[in-house]
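Here is a short briefing to read alongside the picture.

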Amino acid sequence: MTSPILRVLSCGSVDDGKSTLIGRLLHDCDALFEDQLALLERERTPEGLPDFSRLLDGLLAEREQGITIDVAYRTFRTAGRRYLLADAPGHERYTRNMATGASRADVALLLLDITRAAGGLLPQTIRHTVIASLMGVPDIIVAVNKMDCCGYDRLAFGKVEAEYRSRLANLQEKFRSVRCVPVSALRGDNVRRRSENMPWYEGETIFDLLETLEPPAAGERPFCLPVQWVARAANFRGLAGTVLSGSVEAGKEVLLLPSGQKSRVRRLVALEGDLQKAEAEKAVCLRLEDDLDVGRGELAVDPEAPPETADQLAARVVWLNDPPLVAGRTFVFRLGTCERLATIGELSAKLDVHTLREQAARELKPNDVGRIKLSLDRPVPFVPYRESRDLGAFLLVDRLGGNTVGAGMIELALRRSHTVFWHDFDLDQTAYAAQKGQKPRTLWFTGLSASGKSTVANLTARLLHARGRHVYILDGDNLRHGLNRDLGFAESDRAENVRRAAEVARLMVDAGLIVLAAFISPYREDRAAIRDRFRPGEFVEIFVDTPLSVCAQRDPKGLYARALDGKLPNFTGVTAPFEPPENPDLRLDGQLPPERLAETVVDFLEGDNPRKILTPFPNGKTK
Amino acid sequence: MDDTTHILALLEAEAIHIFRETAAGFEKPVLLYSIGKDSTVLLHLARKAFYPAPIPFPVLHVDTTWKFREMISFRERKTREYGVELLVYTNPAGKEQNVTPFTYGSARYTDIMKTEALRQALDKYGFDAAIGGARRDEEKSRAKERIFSVRSPGHRWDARSQRPELWRLYNTRLGPGETMRVFPLSNWTELDVWEYILAGGLEVVPLYFAKERPVVRRSGTWIMVDDPERMVFEPGEAPAMKMVRFRTLGCWPLSGAIESSAASVGEIVGEIRQARHSERQGRLIDSDQAGSMERKKQEGYF
């Protein structure tokens, strides 16, 4: 079955005439209304021709600056097809918008200005090609524009086409097809109408290429449906989702991943009456033979051809937003309807999108492309991105602000999840804790250097010990002599330092101990990540709140003096940021005597249980 | 399956997917219902998305008190028939100060009775996601709108810092004070909406069908005198009967009718296939000033 909808990405350098080409295409396909045509009568180019670009730049800021900033989505219809067009900006600063437009495109329409490419292709042309290929766009059409400005010169076109094709050889991900078409968007040559000015061009026009291009079919892959939502009604429980590939009918056996449960489809329920069969792209509600306790995040698949499941992945990522990506950071990971926590294990390379070389990097800034390894808190079923854009693509989301910060494409599993099992032993935390007669937990003291964290932790530990509690102190400085000897003070090293300390604390809490951990841990996000590693109520965040001026005055190790002298880079509070907790479980005024503060902590612990721990997600969704 | 049926099936599946993501991703979504053709399709898709379960959120109508009377009776009948929870909200201050399209001018009136009223209603009920029927083909600034579109505290739309929206992975997380607008019909066109209504046999407000109606000529369009008692006539103005219908429905003093003889959904589809004017042309509020829709959206207009 041919696809009646074609998703097109249009891209190209600033001023290459992209908006003009799209406007011209709409015009020549008769897809404009009369009030839009009237606009064309008013808006003219310096040559006195209709200014087609004025149809498109939608935002005031764009019209004022005369550039396209954001992706614009528009749709138009021809006799043969419906087009969904993502018009992406050309400027380097907006690479992320280009990646966005490319993510679902069936074909990229890349604009190139021949008058500017004569001396060699522009870096942006290469960058856009690389991103389109990276995002898995199957086909590319290169519109070599402004042929009217070079006298419709066949040789000039041939030279540019040859150079372009030679650069494609270095791409890691290849296009299925590459077409180059000489056009004049302004005058309409080879857009819809064959150009009389270029009889030497024997290929198809842009319009004819778009009308005949067939995107790869999803229906041929095995059945797969991510469960979005559970429909509950009287004596009814149905799994609602959209068929991504393959098809499903009543009686079909399905496997649910990652839970591993199996059942058969009893009915395909729909408002207009049960369906016999549902193909790819159909939104359905599956009633199974068994009432399995599965919900959103499970993937229903064909048991004969299940995708693999893993919790350690290698991926490529386009970084979209601040803050920059560094190793050790934790993000919310979204793949299909699965949601996980992902920790960036390693940032192995950054791609230079102009030379196509990969180089070592410590961080990825917005619009950078890189390779990462990531580790998930639970396994996820997936298919490599080059085989499935739906099951190989993921988002990384900032845990606190909720913003989309990274777009990832899975290359492979580093370790299949079934090779490492979690061993359940007979003795568990409950047993250890019962023996000690205490509620195990971690008291996490955060605050500036010299705020009094270690002093208060030390005094608190003594008080608890005197009461017969089993305690242990984990200290940042002390750990750096052993376990964390290999780490420095750069942001990524600090994140790793804190992560390791948290893992040690967690093991000790599992062993039934009360752990007192004193770490500057300056980043809110890192502390939120630590909290997630503990069961509810086990992690108590204590903010030792001492003003910077007081800490600098105390300065027991002389560090503030050196930092203020500019001799100590990355020193928290002076040359590196400290993000104070917004909602600590306990806030201590660091200017009070430490003995009193220690008593406050003990009262807090021994009196009531810690108050309800707030969810780290502002809109409270963890399901 | 012919092309039109196939296209409608794909658009329907996409919209249902978006509805389900909204239900799963938010604590308290709401469906904004404006009673027009897009809302009719939206409500139908919501029923399909969750069937056999009921629609898991209420339906909100921001009532300016200047809607066509036929719209209100249609609203009451349909919501009862479908058994959905209907909330109706009117800006109390605007009502008290008697803010009307005649006394305040279309821009101020729309700001108070629609934009401000919507913000008030969302705050009052604490909705974290509002689903609307806006389409990207309606207006140029809408072409840059996301399907899941974040509003900063105060319900403002910041066109410059929208979240990138990749693949069909919709990020439903919110930062402090943020809310979401969700547009399941983003990729539909006016013609799609009518073809879907035709294919599904959906019922729409009769004002869409041509009929002799009392109208006056204003700003190059026909304004229907829905309530002669509240109509403010200009000197020398008198209603005349004309065969007209509406392409979009809003407040009657601001909704321009077109001359037409299309009296059924099938005839409307035929008319739109031949249409030479885009749909919002009849709306007086869009032509107030350049970029007016964008400004309104920044201030919280849907």
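Helices (H or I, at least four residues) and strands (E, at least two) are DSSP runs, numbered from the N terminus. By that count, chain B has eight helices and ten strands. The model is predicted, so to speak of a local feature a pLDDT of at least 70 is needed, side-chain atom pairs count only at pLDDT 80 or more, and totals for chains, interfaces and linings use all residues. Residues are numbered from 1 along each chain as its sequence is written, and chains are lettered from A in the order in which they are written.

**Overall build**
- The radius of gyration of chain B (taken over C-alpha atoms) is 19 Å, close to the 19 Å from the globule rule for 302 residues, so chain B is as compact as a globular protein of that length. The rule is 2.2 Å times the number of residues to the power 0.38.
- Of those 302 residues, 64% count as buried, meaning under 20% relative accessible area with a 1.4 Å probe, protein chains only.

**The sheet**
- Six strands of chain B form an open sheet in the order 3-2-1-4-6-5, with mixed pairing; two strands pair if DSSP finds at least two bridges between them.
- At the edges, strand 3 (86–89) and strand 5 (148–151) of chain B each pair on one side only.
- Strand 2 (residues 59–62) of chain B pairs with strand 3 of chain B in the parallel sense over four bridges.
- In this pair, Val59(B) stands opposite Leu86(B).

Note on methods
Heavy atoms only, no water. Buried < 20%, exposed > 50% of the residue type's maximum accessible area, 1.4 Å probe, protein only.
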